[in-house]
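Thank you all for coming. I would like to take a few minutes to walk through one structure, so please have a look at it with me.

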Amino acid sequence: MGCTCWALHAFLLLVALGAVVSVPTVQQLQIPLSPSQDVIREAWNQWHGQLANIQLDGRPLLFDVHPDRYGWSLTPAQLKRALVTQVKGSRLRRLVRNLLTGKPVKLGVIGTSVSWGTGPSKRGSTDWISMLPLALTLIFPKANVTARNGCFPGTGSGFSSMCLQHMVPPDVDLVVMEFLTNDFVEDEFFSNPYAVGFERLIRKALKLQRRPGVVLLQVPAWGQMFNASRAGHKHFHQSAEELYGVLGQYYQLPILSFRNAWWHDAEGLTAMAPRGWDTLTAVDQVHPNDLGHRCMLDMFLWLLVQTALDLHMLPISRADSTAIAQPVPVPMYPGNYEEPQLTCLMEGQLTQVVDEPVSQGWALVNEGTVEKKKIGFVSIQANTTLTIHVDMKGILGVQDVPTLVPAHKLQPIQPNGESLLAVGVSISYLKSYTNMGIASWSCVHGCDCTSMVLDAHHAQHTSTTFVALSRVTATENQCTMHVTILSNTSSGGHKFKVSSLMLGRWGSASLGYFWTSNQTNEWNVNDMLTGAFGKTQIDH
């Protein structure tokens with residue numbers, strides 16, 4: 001689901017109007033949303049009854065876990081189908097131990113517009129991430145949870161791979177990834193560009209400060225929840241779910257499948273889904289509705305409950321600590337190591353790539369407040385140049401670019417059709433209505449790209465960040481680029497502000513956003529990554 005300009009304008013308007021207006025309640029979470037309440041009640045009464053009779057060391061097996069206090073909307077049978085891989089790894093066991101004992105736990109979710117909250121009736125109240133902390137306290141009474149929604153509509157996993165450090169806390173304990181909706185199906189299986197980028201994201205998450213657990217939450221791909229008669233309807237196998245599942249198995253990650261939980265019910269119009277996929281989706285048949293989001297929450301909670309039961313039978317031990325300390329294995333795709341440096345530079349981080357001594361007339365300026373910063377490199381003078389140096393070998397994951405250039409010329413593309421030495425470089429710049437200038441963006445040494453002219457002036461009375469994307473081909477280890485303010489102007493002024501730089505190996509798929517090179521798109525990057533798009537802390 002690429003984000004078109006009209007969709008972005010509508011999205012920004014919702015944010016301006018304050019779309020988040022309510023919070024979930026205990027009563028709300030104790031009532032199942034299933035259209036077949038009798039089926040749900042009977043299935044869960046049987047499950048609870050069976051476990052209530054099991055004791056361990058003289059105590060009930062569920063003495064400190066209370067799944068009966070939450071209103072499940074999926075049956076245990078559906079949840080068993082949803083749990084594709086029952087990997088209760090040491091990282092997840094540590095997290096659940098902390099839920100049981102009341103130690104602080106930080107959860108981060110990254111993904112698409114689905115987990116951002118598109119589809120349910122009240123974002124902030126009926127989307128699954130907003131319900132998560134309160135639901136956890138129902139099942140784990142001692143839980144001390146902070147959850148952060150780091151999702152953004154219209155992007156795929158490649159974008160999160162570039163900007164992960166802005167989307168989850170550095171000391172996060174668990175990262176949930178939900179990307180199937182936007183990581184589209186492609187015929188390539190063994191060299192799929194989405195999977196290659198997704199693997200780098202997994203590796204980055206696994207290597208975060210606290211060595212967090214990672215869970216793959218798989219929501220049906222675009223078209224899989226269409227009615228069978230609708231154009232574009234996709235079948236059970238027509239998504240990246242199996243491909244990403246292989247990565248999950250390789251890195252021993254739990255995998256939760258919405259498709260597996262619901263497919264036969266929705267396609268067969270059973271009592272659980274009498275209106276087929278319409279039972280579970282918003283009118284677009286892409287985004288899960290209130291019931292769909294409760295089911296996503298159910299799947300995640302089920303994984304944690306199963307892990308808690310596992311802990312009761314096999315308590316956490318030194319073996320878990322040893323397993324957590326083990327290094328991340330080599331990439332499944334040979335040589336597909338994550339970038340060693342930051343690839344999403346904002347605000348003060350821009351000083352890592354800007355050559356300030358030679359960028360005369362430019363300065364790093366905060367045009368906002370201490371609370372809401374608006375930091376970027378700014379110049380108001382024509383004919384001044386911002387000089388940027390990019391470590392191309394680090395982005396490409398190679399030892400030395402020049403040694404690859406001859407081979408690159410003889411065999412210029414990878415099996416998936418992308419250049420061996422191409423990097424996607426995105427610059428975000430302020431566009432406003434008074435005294436704004438026009439700048440050229442060009443490659444001057446160590447790389448080749450098509451020069452672009454960026455006009456920072458527009459007539460509408462708004463100040464918005466736009467993003468320009470360029471396909472840059474490395475010829476040396478370091479690429480030098482110039483942003484030069486031109487003498488001509490459409491506003492009478494020459495102000496130009498650069499607020500972020502994003503870098504990734506080239507490919508519309510693996511970069512994670514969907515527009516072509518040498519074009520700009522409206523995207524309020526700073527707000528997107530610092531809170532204005534709903535990435536607020538949710539504490540319970």
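How are H3 and H12 oriented to each other? Before I answer, please note that this is a predicted model, in which local features need pLDDT of at least 70 and side-chain atom pairs count only at pLDDT 80 or more, while totals for chains, interfaces and linings use all residues. Residues are numbered from 1 along each chain as its sequence is written, and side-chain values use heavy atoms, with hydrogens and water left out.

Helices here are DSSP runs of H or I with at least four residues, numbered from the N terminus. The axes of H3, residues 37–52, and H12, residues 290–313, come within 14 Å and cross at roughly 15°, the axes being lines fitted to C-alpha atoms over the stretch in contact, with angles running from 0 to 180 degrees between N-to-C directions. H3 and H12 are therefore roughly parallel to each other, a label given to angles under 35 degrees, whereas over 145 counts as roughly antiparallel, 65 to 115 as roughly perpendicular and the rest as oblique.

Where they meet, with contact meaning heavy atoms within 4.5 Å, Trp44, Trp47 and Leu51 in H3 face Trp302, Val305, Gln306 and Leu309 in H12.

Helix H11, residues 258–268, also packs with H12, at an angle of about 130° and with the axes 10 Å apart, and H11 and H12 are therefore oblique to each other. In this second pairing, Phe258, Ala261 and Trp262 in H11 meet Gly292, Cys295, Met296 and Met299 in H12.

Methods
Helix = DSSP H or I, 4+ residues; strand = E, 2+ residues; numbered from the N terminus.
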